[in-house]
Structures are given as C-alpha cells and as structure tokens.
Amino acid sequence: MNKKFSTLMTMGLLAVGTLFGTANAQVSKTVNLLDDKVGDNYYYVGTTDGTSFLKAVEVKNTDNGSTYTSLEGTTTVTSDVDYCLFKIEVVSKPGLTTDKLFRLKNKETGQYVTFKAGTSISATTATSLGEIAASDNEAARATYVNTFSLPSSADYTNKKAEVTAGTGMAFIPFTGALVDNTNELSLSGVTFSVVVKDAGTKLQFFGVDDETVKAAQLNDALKNGFIFNSKDVKNNIFAAQTIKAFDVQSVIPLETGYEIPMGTYFAIAYPKELANKSVITNADDFKKCTFIVADPATTVTGTADDRKAGKNFGFKTLAGDDFNFYTVDKDEPTYDKEKAPQGTQVSVHNAIFEVTTNKNNEDKYAITIPNFYYKKAAGTDKPEQGVVKAQIASNKVDNVQTLMTATGDDKFFVFTYGDAPVVKPIDLLNDSTASVYNIRFVSGENKPESEKGKYLTAGTYVGSSNSYNTLMAVGSAVAMPNAPQYQFVISDVNAEENLVTFKNRETGKTIVCSLFSTDDEDVYYVAKEENYMTFAITDLKKDGSVEYISNNNGLTGKTIELIPATVDKFAGFVNRDENVGYTYIKFALDNVSNDNLYMMVRNDNGTYKADKSTPKEGAAALFELVKSEKPKYSQNNYVYVKDGIPTIKLAGDTIAYYTYAIKWINPSEENTYYVANGLNLEIKGEAKDADQFVIRENYDGSVAIVKVNAMFSVSGINSDVAMFNANKTTGNISFSEDVYTIANADAVKSFLKAEDLGASLEAKGQHVAFQTSKGGYMSMNSAAEGVVAIKTAADEDLTFWLDTAETKSVLPSFYLSKAAADPAQRMYMYYAKDSAEYYINNKHYSIDNMHKMIIFKTATLVSPDTLAMTVNGKSVNVAAKPDAAGTLGGLNNFRFQIFKLDNASDEYVIRCRENNQYVSNINGMLTLDSQDKALKVIPEEGMIPTDNEAIDAESAVKVIAGNGTVTIQGAAGQAVKIATVLGKPVASEVVASDNATIAAPAGVVFVTVNGETTKVVVK
C-alpha cells in the first residue's frame, strides 16, 4: 500500500482570490520608464489627483452580438481591480536609435491598449479609438497603434523618461514619428479620450499598496493552517510544520502593565477550543498555544554591530504561558526596566507577525515583525534591549540558506505557500479486507503531559468533579493494541474532499479528518477534523496508577502514525474456557498486592446483596461465571478497494464477545442466586434468565465486569453499561458508570481470582474405594441409597467405577457408579434433589427438611455428556441442558469433582457439579452440604468384584478361594504370587504340588501364576 501521496494545491485560488476582494489602495509614484525593473510591477493609470483611472471593459456589439474589450475611465477602483492594472513594456522601434516607446498591457485580459492608425488622431473621433486588441492576434493589431511616446521635455531629453508623481505627463500616441502627433491621451471622470496636446489632464502612474493578510486568509491555504516555503532555505521554521494563524483583534489585558497585544500570531499547537477559529479572545486560550517567535538572544550570523542593530536573529517555538507580557513603552513614566524582558526572556511582541502581499507579488509574501525585542549584547545578562521593525529575509550561513531578521522598511517577498501533501483516502485502504489501525502520536515532547508516543483509545475521562466518555492518549505500558478499544477501522471516505472517517471499533466514536503525508512512512499530519474530537492525555505513575493530565486536546495539528492492527474478533473481552472452575471477585490496586478486598454476600433482612467486601478470602463469596452458549456480535461498516474504487462493506467488521451470568455458589441455599444490576442477588432457574455481563480485559490483568442491557451493542456501550467498583476505605461495593476508566490515582481495580483448591484425582477411568477419615467406606445399600458402610460389609460393595465427564476442566468431574458385568446395569451415584422436588410426598429421598439423599440410579453411559435411563417408565437421555428432542436436563447431578482441599493433605472431598455442594455424612446416609461439613475420603485403588476367574479356560491351572486361603491346582513347579487389591504382596513361592494351599487375607486378592493373573474373593 502506498502511504505517501502528495498533490499540489493552487494556492493563488485558495488565498489570494479572497485577499484582494476589496479596493486595493493606489500609491502615487514617480516612475522612470527606463528602469530595468519597471516592467516587473503593475500600475494604475490615472489623473494626478487620483480621481479617475483607466479601466478595461467588456463591450457587446449590438449588431452581431460579439464582444470586445474597450477602455473607459472609472472614479472608483472596485473588486475588479485587475481591469485597472497595467504593466509597462518598453518597445524598440526600427529607426529609433536613441529614443524608446512604451505600451500598456492589461493585467486581467493580457491585452494591449491600442489606437487606430492614421496620420492624425482628431479629438472628434477619439472616443471610439481607445480599444484593447488581443495580444496574440498580430493581423488584427497590424492596423492599430499600441505604443506611445513622451513629449519633448527636460526629463525626456535627458533620457530619464520619468513620469513624475504629482505632476504627471502627457502621453502621445505614436503614429510613426516622435513629433508628428499633436494629440495626447486624456482621462476625465469616466470618459477616456484623445485630445489636442496640452488640452487634457496630465496622467500619472500609481503603484499598488501592500495588503495585510489576516489569519483566516492564511489558514484557508491548507483548510486549517498554512506552510510558508522560501526558495532554497533549509532551516525554515515556517515550512517545518503546518502553522495555524490566530488574530488577537483587541488587547487582552492581564495584570497592570502586562497584556497580550493585538496582532497575528503563528501557532504550531493550540487547544481544542481554537480548532475551528482564527481569532483568540481570551488569555487562557492564548497560553495553551505554542507559538513561533523571533529568538531575542541567538543570532544566526553577523557582527556585534549587526546584533546591536537587530539583524541576523533566528527563530524558535515557545509555549504561550512562557512569554514576558510587559508592554509599557520605555518613554512612559511608569516604565519598569526590571519587568521588561531580561536575558533570554521573550517578549510577547516577538510572536506578532505581519504578512503582506500586493498585486506585484500576489503569489509571494513578506513577513514583518513590527516590534522585535532583542538583546543587543551577547554573553551578558545586562538588559541592553533594543526594539526595531524587523523584516524576515534569508542569507547563506556556512553555505546553507537560512532565515533571519533584517532591519529596515524594505520587505522581502520571499515566501510562497507550501504545497499541501494531501493523502488520498484510497491509499489507506486494503483490497477486500477492512483497514484497521492503531493510532499512535508522533507529535509532542518527551514529557508526561504530552501526547508523544501514546496510543489513541476510547475511555472515560475522570475529572475532579465529573467524568465523561472521550478519546484518550495512553502510554505504551498501558495500551492494548490488540483490543478493539484501541483500534480504528476506516468506515467511510469522501474522495472528493479527501476526508477519512476512522471509527473506534468498540465504542463507535468517529474521527472525520483530512491527512497530510510527511517524510516518514505511515506518519501523517492531521490537517483538519470535520467533527472536532477531544482527547485526554494520561500518564502512568510509578505506583502503577494512571493520572489524567489534561482533557482539552484536539487531533487537528497533531502528527500520528497509522499502524496496521492485528484483528481478533474476541480480543479485549474475556473468553473463558468451559468449566474452568469458580472464582472470587477481588479488588486491589494491582494483581500482586496482598492488600486485597473480596466481594462478599450479606443477608439484608432476607434479601441477599453483594455490596460489601471482606479482606478475608475465607469469608468471601464464591461465584461461577456461566458463559453464554453463543457469542454476541457488534458490527461496523468498512471501506475497501474494489476495481480501483472505494467501496463500503456493510457490517463487515465484527467484534464478538460472550456474556456471563454470575452465579453465587452457596451450599446452604436450595435456591440458585445470580448477581443482578444494582448488586441485589436474584433467584433464577437458569443462567440465561439472569442478568448478563461482559468481562473486559485490562492491560494489567484486571477486568471490567460490565452489565449488558438487552439492546446492548458495542457502538452503544457508553450508555448501556456499568461496572463494579470498590471503595478501599469503607469496603463498600458500587455499580459505576465509568466503564472505560483505565485507572486513576485512587482506583481499586477488579480481578478474577480462581478458587484456590488442591489437586484433583487423576482424570482417567479407574476403580476406586473411598475410605472415610472417620472410618468405613462410601457404599450403596440394598435400597440403592448412598451410605457409609462399616468395614465388615462385603468388599465388592465398597468399590466404585469412575468414568470421566469433563477432562479438560481445571477441576475434572467423574461419574461414580457401582460396577456390574453388564455396563447397562451400572448404578450411578446421583443427588436426588430433582426427584425429591418432583415427588413432593416421597420422603424416601429426604433425610430431613434441609437435606436430600444421594442415591444410585440404573443408567447407561452413552457419551461423556449423556446418560440413558428410565424416568417415569420412559427411556430418556439426560444431558446438562434439555432440548426440544426430549432430552432431559440435570446431568450435573450425576457429575462429581474429587479433589484435595489442601495439597498437604492425603484426604479428598467430593463436590457435586450441579450446585457445588460437598458430599457429607448424616447418620451414615450420604447427602450434600457446605465445604466445612464435607466428608473427607482417601481413595484406594480397587477392582470390580465378580465371580472367581480361571487363569485361562484351556489351562490345567485353577485357582480356588477358600476361608482365609487360596488353593492352586495343576501348577506344580511353577512360580506363584499373591497380592491385595492395593498391590501389597501376600505370598511369593514356587509350589511343590498340583494342589497347593496358601494363606491369604479376606477380600479381593490377585493370584499370578507364571505371569498370568486372576482375582478371587477370599472369605
């Protein structure tokens, strides 16, 4: 993509066309027609008293409808001043070796004043003789006289050929000889004629006066500013950046003796209040600008005498509040030399420039400093101050053409408008894809209060008394270039006016501007904004907080770098994996601080509220962030190039985000509560019915938990959202509207802190017996109820078959079943809350009014997320959520997590996935309760007991279990090993007979004969 594009602007049309819209003053001049430079200037030709002037007019021929140009007089030089201006040309005629002739060329038409040829020109026919013939039509001009001579006079004979100011001279139409014509040109009122010599009024040349160019006219050159080039000048501060001119039209008083004088000032930076203005009316706006000034202390070159005369001083920039504003004249009695500029101090007068042009230099300009305050002597602090009228000229210093000051009244028309390097919007566009950029500031200084090096983003400016949504300049340590909040998509272009619309992808804030290219690739100058946007400047402090420096900055006049952005539609928003566990909502200054607050839930007269915090994690509320099934989308238009033409793709730029219901994990409550807007907790049957939140990521790991309204869209986020805030002093929690606040000095940020649990049982299929820490094992009784069995129960009732349900979760979950040879006959452990609520009068499922039973239900594991079973006499599938095909919900009642509360312990707890309550023991019956009442268990490896197995159906070896013994038949001379289900060796020997009996403990044991193993149950 070509980022560098420059197009030349016709500056004469932009500025000069309006400059001379009013009468251009006429200055009476003595003109030497033989001066080499006389042909460089334009003149008015009029009577010596300045009451009538020669003027070209368009005349329509009533006979044939054609038009031609004629001459007449005018008493008022109006906006058509170019019709009244003539350039003098010197003409050499054959045979005239010593004398010269002259002709007048009209500025507007480019044609010459002519008279019909003849041996004489009579007064009676003169009124029809004055015409202007086309200068490029030699045939038409052949019959015309277009030159004039001057009569014999002392001046003329001395070859001065002067037309004297105030006296004038007769102009003689030349008809072949210098003395054969006795007529002269005459002008009276509005009548132009040829009269008898010496009968008419003498004619006078009038020069053009200088015209002062006002700020608004200067700024029109580049829509909102200007650049002044000067030929071959390298060190030209007026061309190094775009300048915005401001007029101070009346004195702005400060304290006594100090003021901001009237005049035109050149600013290179200015506040937003002045973005679309060319006039400064108050001191606050003035002091927020940065101006070009004449340096009062540093000369570019020259001698000490030049310095004392005010010559050869250079230029620099200065902030508006750094001037010396003392303006009392030295000749006044109240003058205080101690208050006047001292040393390197800069008088405010050094920033006042006067720009002039005239009809002779309408594409060139001169700059004057009417009152240049300078330091006469170098190397001293003595207040040797001079004040002169300084002209800005150029001279070579070390072979480099450089601008400097010069004294005197002679103006140097050496400046021309710089070309406007306007960027065509199409050069910023991609083919077929969206053009998305990070905007980074290049302009400014390396200071905290400057925008330099910072990224543009959308945020909330937090002031001392208010806050509001705005654009912000954020440092690279804080910025998240991959997030849509920091990305701008080109959503529209105006090719005719070279306007580009940058739209913030997340907030929808737009910037409509024209850009100028610079010498650096991908770096642009913001020439003008059609919709002026404010941005605040922030600074990252050492303590990690972000301070707001200012909020009154505008993009116009700033230099930016457009960095192609990497687009990820989910970037900037938390996208949690499924089943990542539970979390605390923590408030802290940073993510490593030990000084934390945790959100807690309090009971306010029966209403649960999440509006208080606690420094103790053990007292904090635990939450599950229930992710929406599908993401939501917000879409922007973008512009791309198709067949060489900018084309809009509707809703082509996509931002995606999941929403979350915040579920309170409360083991003691039968109802399910979710956090709602306003921090009250509401009972909801399903997460989808609860208030939804978006979780935005911040640069430091903190998050903004943002409430989403039903009509949420990213472009409307500023009015539709709020977030959690905590008060570090009081511990109170509130719902704040300051969603895009990055930080401020006292901000307490939100973090998600995962539940701190120990290791999970390994996520694999296995056979496990659960011995309780207080004796006995988890088991199932004959009524399919979960119980704690005493040690004397049959061992086959103590072992569970574990199948994995969620292996990729931080805490995997399992299905716990009692084994059977037929998988379809397995009994799955199940929290019977749903059944107890369905069969209201069935006390079989309830232990007491608070606790429901854990029971076992016959089912078939179809897949990790589906069980098949019989419910109310019908075969159904059970999944986590019901669907329209008849699948029932409630699968999480069959899923259990098995993990350590503390890795230092060997004991595990078992938690139900449905409600995060823990398997507990009440009088030998299994139920669910809070964590502090959880049943502590030690898993032991086991196998599913069945009938005794032979080693091999075709083998002669048989293993027979007895009372405390194992008999091995047909294995004489073979090695035999016996071990318990936990791998503890019982016996290892080579049997001597084919009917060997070996003692073994009661329970399941494994018998290995020559490497082949079988298991038996010893009684």
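**Notes on the salt bridges**

1. The side chains of Lys 663 and Glu 624 form a salt bridge, with an N to O distance of 3.9 Å, the term being used for a side-chain nitrogen of Lys or Arg within 4 Å of a carboxyl oxygen of Asp or Glu. This pair links distant parts of the chain, as Lys 663 lies in strand β47 (residues 660-665) and Glu 624 in strand β44 (residues 622-627), 39 residues apart; strands are DSSP runs of E with at least two residues, numbered from the N terminus. Both Lys 663 and Glu 624 are buried, where buried stands for under 20% relative accessible area, exposed for over 50% and partly exposed for values in between (1.4 Å probe, protein chains only).

2. The model is predicted, so local features need pLDDT of at least 70 and side-chain atom pairs count only at pLDDT 80 or more, whereas totals for chains, interfaces and linings use all residues. Residues are numbered from 1 along each chain as its sequence is written, and side-chain values use heavy atoms, with hydrogens and water left out.

3. Asp 82 and Lys 359 meet through their side chains in a salt bridge of 2.9 Å, N to O. Asp 82 sits in the loop between β5 (67-74) and β6 (85-91), and Lys 359 in the loop between β26 (352-357) and β27 (366-375), 277 residues apart. Asp 82 is buried at 15% relative accessible area, and Lys 359 is buried at 6%. A network of salt bridges links Asp 82, Lys 107, Lys 359 and Glu 362.

4. Glu 445 and Lys 447 also pair in a salt bridge, at 3.6 Å from N to O, and Lys 447 is partly exposed, with 41% relative accessibility. The structure holds 24 salt bridges.

How values were computed
Helices (H or I, at least four residues) and strands (E, at least two) are DSSP runs, numbered from the N terminus.
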